[in-house]
Amino acid sequence: YEFPELRHLSLLLASDNDDSSPPSFIARATLPKLEELDLRMYSLPALSLIASSAPCLTQLSLYYFDTVRKLSWPAFFDVFASLQQLEVLTLLEGLPPVRTQISEVVPELPTFNTILTFPKLKSFSLTCQSLSCATLLRHMSFPVTTTVKLEFSTPFEPFETERGSDLRLAAPVIAGCMSGARLIGTADPITSVSVDTMDGFGFDIRICAWRRALPIDSIGGGDPLDPSNHDVLNEASFHITFRAYSAKAVMTRFCRHLPFATVENLFVGELRPNGILFVPTKDAWVQYFGFMAKVKHLVVYEQSSRLIGGTLKPIVQARSSDGRPEARVLFPDLELVKILYAPIGTVDLRDFATCLRHNGWRVQFPDNGVVRNAVVPTKLRKILVRKAIRADATQMTSLKNRLATANVEFDWDGITCWDGPTPSRRGHLRNVTDYGWVDDMLNGDEIPQF
C-alpha cells in the first residue's frame, strides 16, 4: 500500500488477543510524507513499523497502550531511540508502569543505561502516574526551549491523595530536569504548578515561579487560561498539574524540592470557576512559600490576596539560640506586590498603611515584659491593584497618601467594581467566613453568596 501524499494519520488499534502484529495495510504501507501520527490503544510493534516507513514524522501522539500486550521499559526505549527527529510528543497514559500492585513498595525509581535524546523537541505533553513520569524524564534529554506539560493522574493508592508519598521519588527527578540536568542549553524555565482536587467541589490553584527579570506590566491581569492572552504566565516552560492530590502534599513533598529557592517572581492564585476558595493564612504562606527567599515580584490573584498585608509584615519570634525575640520577613527582597481581581474590602491592605514607615516595617518586640518598638528594613517600593472586584475609592485614596509617606508607590487603576469575568468567577462573587489553608476548608459547608 502506498500513501504518497498522506501527512496526518489517526488510528485506533484495539485488540482482544495477544497478536501484536499491526493491521496488514499498515505493515505494507509506504508513508514518505507522513508528519503527524495519532495512535490510540497503541502497541510498540505497530508504532515501530509505522515510524520506520515515515521518515518525515515530527509529531507523535499516543493515547493509552493496548493493555493486553505487556509494555516494558526496555522495549519502550528501543522504539523511541529511533525517533530523535520528533518536534511534538504527546503521551496519555501510554507508559510502562513502575508499580503493578497496590501493596507494592517502590523504594526507588528504576534505572536503565539509556538516554533518549530529542534535539528538535518543541513540545512535550505527558499524562500518567507520577512514578512513570519521573522514570521517563530521568532517561530523556531535550532543548531548554521545549515546553513541557506534565499531568499527574489520580494516585495509584487512594491514601496517596493526602500523603503524596509517590511525590517523594518524583520531585528530585523533575527538579533536576528543570535545573538543566537533562536540558540541552542554558536552563532558566518559568514553572507553573497547578493543583486540582477533581472532586466536583474542590479547588484549583496555580503557582508560577521564574527567575528572569520581567517588566511590571508583563505580569498581566488577563485570564491565564485564555490561550489568546500573551501574559508571561502562559509562557511557562514547565506546566505541572496534579489531579486529586492534597495541596499540602504537593507543597511539602514536591514543590519544596523544585529549584524555587532562587526564583525572583512568584504568582499565586485560584483558577477554578466553582469550588473551595484558596485563602492561605499567614502560617500557610510561611510554611509553604517561606523557602522562596529571593522573591522580588509577587502577584496574588482574587481571594488568594486576602490577608496579604498581614502576611508580608515581619513575624516576631524567639531565636532558637538564645530565646531573644527577632523579626523575620517572608520575602526580604520583595520590591513589588501586584493584586488582581481582589475584593479589597476583605484584603487587609490596612497593614501596609499602619505598619509601613519611610524606613521600613514598624514592629513591636516583647522584651522582659516591656513592649519595645523597632523598624525592620524593607525593599518594597510599589503596590499595584488591577480590576478590583470591590473597592472604596475614598479608602484607596487614603491608602495611597499613607503609603506615599513610606516611599511606597500605590498604583491603582481606579476600578471600584470590576464586573467582568475572572479566571475563577463567571457569576456571583463568593465569600468565606473562615480563613485557612485550603485543605482546612474542605468541610462540606456551603460557601455563602453575597
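This is a predicted model: local features need pLDDT of at least 70, side-chain atom pairs count only at pLDDT 80 or more; totals for chains, interfaces and linings use all residues.
Residues are numbered from 1 along each chain as its sequence is written. Local features need pLDDT of at least 70 and side-chain atom pairs pLDDT 80 or more, while totals for chains, interfaces and linings use all residues.

**Exercise 1. Find what span helix α6 should have, and which of its residues are buried.**

Solution. Start with the helix itself, a DSSP run of H or I with at least four residues, numbered from the N terminus. The expected span is 1.5 Å times one less than the number of residues, so the twelve residues of α6 (167-178) should span 16 Å. The end C-alpha atoms lie 16 Å apart, which agrees. Next, take buried as under 20% relative accessible area, with a 1.4 Å probe and protein chains only. Nine of the twelve residues pass: L167, L169, A170, A171, V173, I174, A175, C177 and M178.

**Exercise 2. Work out the strand order of the open sheet that contains β19.**

Solution. Strands are DSSP runs of E with at least two residues, and two strands pair if DSSP finds at least two bridges between them. β18 pairs with β19 (residues 360-367) in the antiparallel sense over two bridges. Within this region, L356 stands opposite W361 in β19. β18 (356-357) and β20 (370-376) are the edge strands, each pairing on one side only.

**Exercise 3. Name the classes of residue that line the largest cavity.**

Solution. Count Ala, Val, Leu, Ile, Met, Phe, Trp, Tyr, Cys and Pro as nonpolar, Asp, Glu, Lys and Arg as charged, and the others as polar. The lining then has eight nonpolar, one polar and one charged residues.

Definitions and conventions:
Side-chain values use heavy atoms; hydrogens and water are left out. Buried means under 20% relative accessible area, exposed over 50%, partly exposed in between (1.4 Å probe, protein chains only).
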